[in-house]
Amino acid sequence: MGTVDLYRTVRLIRRFEERAISFVRSGEIVGGIHPYVGQEAIAAGVCAALRPDDVITSTHRGHGHVLAKGANPARMLAELMGRESGLNKGRGGSMHAADFGLGILGANAIVGAAGSIATGAAWAYQRQGKDIVAVSFFGDGAMNEGMLLEAFNLAALWRVPVVFVCENNGYATTMPVESAVAGSITGRARAFGMPAFTIDGQDPEKVLAATTAAVGRARSGRGPTFLECTTYRFDAHHTFEHRARLNYRSTEELSTGRSRDPVEIQGARLAAEQRAAVDAEIEALLDAAAGIAMGSAHPDPAAALEFLYASAEVMR
Amino acid sequence: MPKLSYLKALNRALGDELASDESVFVLGEDVRVAASNLTAGLFDRFGPERVLDTPLSEQAFTNFATGAALAGLRPVIEFQIPSLLFLVFEQIANQAHKFSLMTGGQCQVPVTYVVPGSGSRTGWAGQHSDHPYSLFAHVGVKTVVPSCPADAYGLLLSAIRDNDPVVVFAPAGALGIRDDVEYADLKAVPLGVGQVVREGSDVTVVALGHLVQEALAVADELPGQVEVFDPRTVYPLDVDGLAASVAKTRRLVVIDDSNRTSGFAAEVLAVAAERFDLVVPPRRVTRPDGAVLPFALALDRAVQPGRDHLVAAIHAVLKGDQ
């Protein structure tokens, strides 16, 4: 994937998130969102290294991953608005967005839960003779969840074709990583016998290069790789934070953190007119997406428990 | 006619499904050597990719099964101890169970969770003796407690073939039950369909799993009076089948080897209050509220619902005592 495509993805995610935040403020999106602003290079770089049939699991901060894997922005926005035309027909919302046709096995609202789901899926595809790779995204907070560490053990032990992508944005909600993680993040991964690298998570091309190597390793049967992508969350943990006025980051820190903006880093690699053309293309795409989402029907309350069971028989 | 044990019936169902469906595989702790005998002989027949020994990592391998199910396989997890289900309640109730609705029906999670040895195992004490089926019924996970070898076979078959998560509790007290069974007659038993295992005219006793044997023993002492209804599936509950039985007897006693508050028996009594026309208030025989099974055998037995408690409850409703 080229320079322009990576820029298109980070720009799409950024503007999608900015619009989503404004839709939270205007009440079109209820429940709020966990903004991905500042972390776009990771989703863009990782997903650019994947084939369409590769699969991902995502987090409660998952919009970027889902969009980078190819989800339709209109259906994604409709999902956040709880509309019938949403990716999950309005049944999942921000923290559960999924598109199985695109290999998106779902954003997951329980920190660290999806690492083992991705491992199981990757193992199952391998057993079925398919050379599909799974990527599991999670944050630095997940590194203290036992079930994720258990998943590392299974994946390394059984040489499962999975890539673990830790987005270290410095905070688990408000807990600084240095107050939460004893030892080092990559040290924990290496203890399970996995190669583990720390990469610049603000640069889409560096993320792409590292992920390409990890995916190649997985696809050739050499097992999992762990990538710690250092990044910074420019916005709140969740949109409620603006009301709660949580005070855990200094103005200086925010300013330093925001100075390495993935959209600017990748944008600087394009000619000005090329960049402007992509920006205009994204705005038109998101204008249309917003129109489609806002115009979509709300689900029928009578169907509130539709899809509760997959099997055909009627449950009383 | 050959004798088939309950445990062997589970083993046979698992073997038959592994043989007939490539997508089925079993995973769990010590399944290769078949520590519980559930998987006896299966490793040699099907090999390491179909019978997968896991490290002691319950939370990870339970979600691993969900991932494998999302990728098209049909995992069967064996949990050697019922309380391990407390450890993986999140992975079953909050992940596997919720995927279908949360994704708007994009996927299914056909995982079966089998506990061969739920409830008291006689002397295994506080942390190995729970029988937590009511928890799963409460969150809406399909929950099955077979009572006899033919049902153990047929319900496990249906659980594996079901496209949703299903928990199968095989009570420790039932594993040794042996019945005369023609192997050719073994077949799938649908989930959610109970069975009258003994007809009677005066009182319906609802019993699950190994307690069906207790109920039958009591029925033998009161010939013709006690109808024993085995719901087989805790959730979904066969309310229609139960209603038909109670319509005849108009008296109800439930025996339930789980704690009293918010338990299975409480649910049956609530259904009865809403829907049935009883001539006397129903009774329930359960473990006490919040019970932890003590170790000493006399104490273990004192906490479990037993035959004497059941007899007393039946006599109470037959006499109309409150």
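These legends go with a set of close-up views of a predicted model.

**View 1. The seven-stranded sheet of chain B.** Here you're looking at an open sheet built from seven strands of chain B, and if you walk across it the order is β3-β2-β4-β5-β7-β6-β12. The pairing is mixed. At the edges sit β3 (51-53) and β12 (233-235) of chain B, each of which pairs on one side only. Going from one strand to the next, the twist averages 20°.

**View 2. Where β2 meets β3 in chain B.** Zoom in on strand β2 (residues 24-28) of chain B and you'll find three bridges joining it to β3(B). These two strands run parallel. For a handy landmark, pick out B:G28, which stands opposite B:D53 in β3(B).

**View 3. Helix α3 lying across the strands of chain B.** Which strands does helix α3 of chain B lie across? Helix α3 (residues 58-70) of chain B lies across β2, β3, β4 (74-78) and β5 (112-118) of that chain. Take β4(B) as your reference: the helix runs at about 165° to that strand.

**View 4. The five-stranded sheet of chain B.** Another open sheet in chain B has five strands, in the order β9-β11-β10-β13-β14, and its pairing is mixed. β9 (195-198) and β14 (283-287) of chain B each have a single partner strand, so one side of each has no neighbour in the sheet. The twist in this sheet averages 25° from one strand to the next.

**View 5. β10, β13 and helix α9 of chain B.** Strand β10 (residues 203-207) and strand β13 (residues 252-259) of chain B pair in the parallel sense, with four bridges between them. One spot to look for is B:V205, standing opposite B:V253 in β13(B). Helix α9 (residues 211-221) of chain B packs on the sheet and touches β9, β10, β11 (226-230) and β13 of chain B. Its direction makes about 170° with that of β11(B).

**View 6. The largest pocket.** This one holds about 660 Å³ of space. Its lining has 24 residues, and those nearest the centre are B:S134, B:A137, B:H138, B:S262 and B:G263. Which elements of chain B give two or more residues to the lining? They are α7 (133-139), β12, β13 and α11 (264-275) of chain B. The largest share, four residues, comes from α7(B). Sorted by class, the lining has 11 nonpolar, eight polar and five charged residues.

**View 7. A cavity lined by residues of chains A and B.** Searching the whole structure turns up one cavity of 30 Å³ or more, and the volume of the largest cavity is about 60 Å³. Chain A gives A:L308 and A:Y309 to the lining, while the chain B residues there include B:H97, B:Q108, B:K142 and B:D164. By class, this lining divides into six nonpolar, four polar and two charged residues.

View 8. In chain A, an unreviewed UniProt entry lists residues 10-274 as "domain: Dehydrogenase E1 component". That span is 43% helix and 14% strand, with its end C-alpha atoms 15 Å apart. In chain B, the UniProt listing, also from an unreviewed entry, puts "domain: Transketolase-like pyrimidine-binding" at residues 4-177. Over residues 4-177 of chain B you get 39% helix and 18% strand, and the end C-alpha atoms lie 8 Å apart.

Definitions and conventions: Residues numbered from 1 in each chain as written. Chains lettered and ligands numbered in written order. Predicted model: local features only at pLDDT ≥ 70, side-chain atom pairs only at ≥ 80, totals over all residues. Heavy atoms only, no water. Pairing = 2+ DSSP bridges. Axes fitted to C-alpha atoms, helices over the stretch in contact; angles between N-to-C directions. Contact = heavy atoms within 4.5 Å. UniProt positions renumbered as here; feature names shortened; annotations may be inferred. 1 Å grid on protein atoms, 1.4 Å probe; cavity = no way out; pocket = protein on both sides within 12 Å on 5 of 7 lines; lining within 4 Å. Points joined across faces, edges and corners; volume = space filled by probe spheres on them. Nonpolar A, V, L, I, M, F, W, Y, C, P; charged D, E, K, R; others polar.
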